[in-house]
Amino acid sequence: MRSKDLSFHHPLAFWLGCTAVIAGVLAHLPMLAMAAPMHFRLAGMPMDNLMLVGMALVPLGVLLAGYGLMPRLQQMRRTLHPDREPLPFHAADHVPLNREHWKLVGVLTVALAVDVMKPATIGFVMPGLSAEYGISGATAGWLALSALTGTVIGSIVWGRLGDLFGRRATILLSALMFMGTAICGAMPAFGWNLVMCFMMGAAAGGMLPITFALMAETIPTRHRGWLLVALGGVGTSAGYLLASGAATLFEPNWSWRSLWLLNLPTGALIILLNRYIPESPRFLALAGLEEQARAVLQRFSGGAAAVAVAPAGDAVHARSPAAARIGLRQLLRGRHAAISWGLMVCAVAWGLANFGFLLWLPANLVALGIDAQASVALLARSAIIALPGIALVVWAYQRWSSIRSLVLFIALTALSLLFFFAITLANLRSTTLTIVGTVALLLSISGVIATLIPYAAEIYPVHLRSTGAGLIAGGSKFGGILGALVGVAGLFQHFMLSALMLALPMIAAAWLLARSGIETRGHGLEAIQHALSE
């Protein structure tokens, strides 16, 4: 651990903060242990003094560690008001994948799996939580809504922090918040669970775009595309498997609370692996830390003797003072506006389809005349058939075209929705047709999310990359919130209407991106920005 690293300007504060968070979580365990004879039921019990001290230590530790990760104000000003693009380092962009790359890929896969595991756990805790607190399923549903709202805010806020403080710093801050939210497993009141679930969602929503931004800026150009798509697919699948596996292993004997307590060791695992998470060399260059940028590049270029640095005059493109104003406004109004709006429309429509239409699909299949047990079996069969399609998504993004792959899967999603509209309109109650439509929808909707965030991580400049990726990731979660609200309003019960209404924004997104999107496959990140500036 080196204090000169941008992520650790105050290493003592960071590690003291980590210690305070761990102590705060452990302070909740004695009261939980006292409830062991009652199968760890704490509902309605008053908090003891040790638990109250622990609740104070957790936010204090997060703030202290956050201060330890914060870069110096002078470097923050450089990232907030850059006078030019970072120097274009090329040495590590054209080397074969080496041991350092694979270590980074492995650690970020673990981080993303832990990240996906957190919100996925909600579905497994809700039955036990509802029974202990004596609340209805509808009331318990506020837990999912709280977490989903947290992911929207976390994606946007963490994305911005990633462009100010650095990619590595924000990943570690997310992991630290995972550790702190472990106290959710010892909360005696449902209201506290809502608060902790919101914080967990914020940390989970923030880590996803940052990991993609760091990967995009570190992996060689030739392998960047397929590794970004594979990272999303493997990390997501592993996260769901971890959540279901933990529920199977721990919940029967240790109650639903044990699943929240796992936030402590899983978050600590990411902290312990931080030595394998470098800061992005492009971010370091942007912050004026060119020597550290060279060191990271040399590490990832296999120890090459010389790391080529182009002189400032060869920078991708100098910006006017007006162009130096960065943030969401530049993303939605500047030269990236057309792409941003296309990606955002797609993200919100995807959230509506994934968290709304798909969730209501079993009930709607029953309405089409397929009995409940058969509809579940049909969906399971369709999911198995669609699973190998992820390999097709990776191949298309890497070997064919990044933007065309994204547009293709958006268009296929729209066509799948229109297919359901058509067979319902024609009253065609065919199991074969339903399987075809379901497989096409599952494959296309998986292809959209697998390519959407990687493309967002490639298309934006370094000073906006995590902000842009966070905005698009937040849009997909916002679509999920809209999907939940639309479902509560009963609109998804109108199968034909909901299929048609979701197909329309997908068509609009495909049209916007077909017009304004540019190719990123095989192009360096600086070359992509040069193409956008023309």
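Start by selecting helix 3, residues 49-69: its 21 residues reach 31 Å from the first C-alpha to the last, close to the 30 Å expected at 1.5 Å a residue. That expected span is 1.5 Å times one less than the number of residues. Helices here are DSSP runs of H or I with at least four residues, numbered from the N terminus.

Before you go on, some ground rules. You're looking at a predicted model, where local features need pLDDT of at least 70 and side-chain atom pairs count only at pLDDT 80 or more, while totals for chains, interfaces and linings use all residues. Residues are numbered from 1 along each chain as its sequence is written, and side-chain values use heavy atoms, with hydrogens and water left out.

**Stop 1**

Colour the buried residues of helix 3: Met 51, Gly 54, Met 55, Val 58, Gly 61, Val 62, Ala 65, Gly 66, Gly 68 and Leu 69. Buried means under 20% relative accessible area, exposed means over 50%, and partly exposed is in between (1.4 Å probe, protein chains only). Now look down the axis of helix 3: the buried residues fall within an arc of 155°, so they line one face of the helix. The arc is taken from the directions from the helix axis to the C-beta atoms.

What covers those buried residues? The cover includes helix 1 (11-26), helix 2 (29-34), helix 8 (167-180) and helix 9 (190-218).

**Stop 2: salt bridges**

A search of the whole structure finds nine salt bridges. Each one is a side-chain nitrogen of Lys or Arg within 4 Å of a carboxyl oxygen of Asp or Glu. Side chains of opposite charge can pair when their charged atoms come close.

Select Arg 299 and Glu 100, whose side chains meet in a salt bridge at 2.9 Å, N to O. Arg 299 sits in helix 14 (residues 290-300) and Glu 100 in helix 5 (residues 99-120), so this pair ties together parts that are 199 residues apart in sequence. Arg 299 is partly exposed at 30% relative accessibility, whereas Glu 100 is buried at 18%.

Next, pick Glu 217 and Arg 167, a salt bridge whose closest N and O atoms are 2.7 Å apart. Glu 217 belongs to helix 9 and Arg 167 to helix 8, so parts 50 residues apart in sequence are tied together. Are these two buried or exposed? Both Glu 217 and Arg 167 are buried.

Then go back to helix 14 for Glu 291 and Arg 294, three residues apart and separated by about one helical turn. Their side chains meet in a salt bridge too (3.0 Å, N to O). Glu 291 is exposed at 57%, and Arg 294 is partly exposed at 26%. Finally, show Asp 163, Arg 167, Glu 217 and Arg 465 together: salt bridges that share partners join them into one network.

**Stop 3: helix 19**

Jump to Ser 405 in helix 19 (residues 402-425). Ser 405 is buried, with a relative accessible area of 0%. Leaving aside neighbours within four places in sequence, Ser 405 is in contact (heavy atoms within 4.5 Å) with Ala 396, Tyr 397 and Trp 400.

Leu 408 is found in helix 19 as well, but this residue is partly exposed at 35%. Select Leu 408 with Leu 392, Trp 395, Trp 400, Leu 412 and Leu 415, and you have a nonpolar surface patch of about 570 Å². Helix 18 (389-400) and helix 19 each supply at least two of the patch residues.

How values were computed:
Patch = residues over 30% accessible without salt bridge, like charges linked within 9 Å, V, L, I, M, F, W, Y side chains within 5 Å. Areas by Shrake-Rupley, 256 points an atom, 1.4 Å probe, with all protein chains shown as cover.
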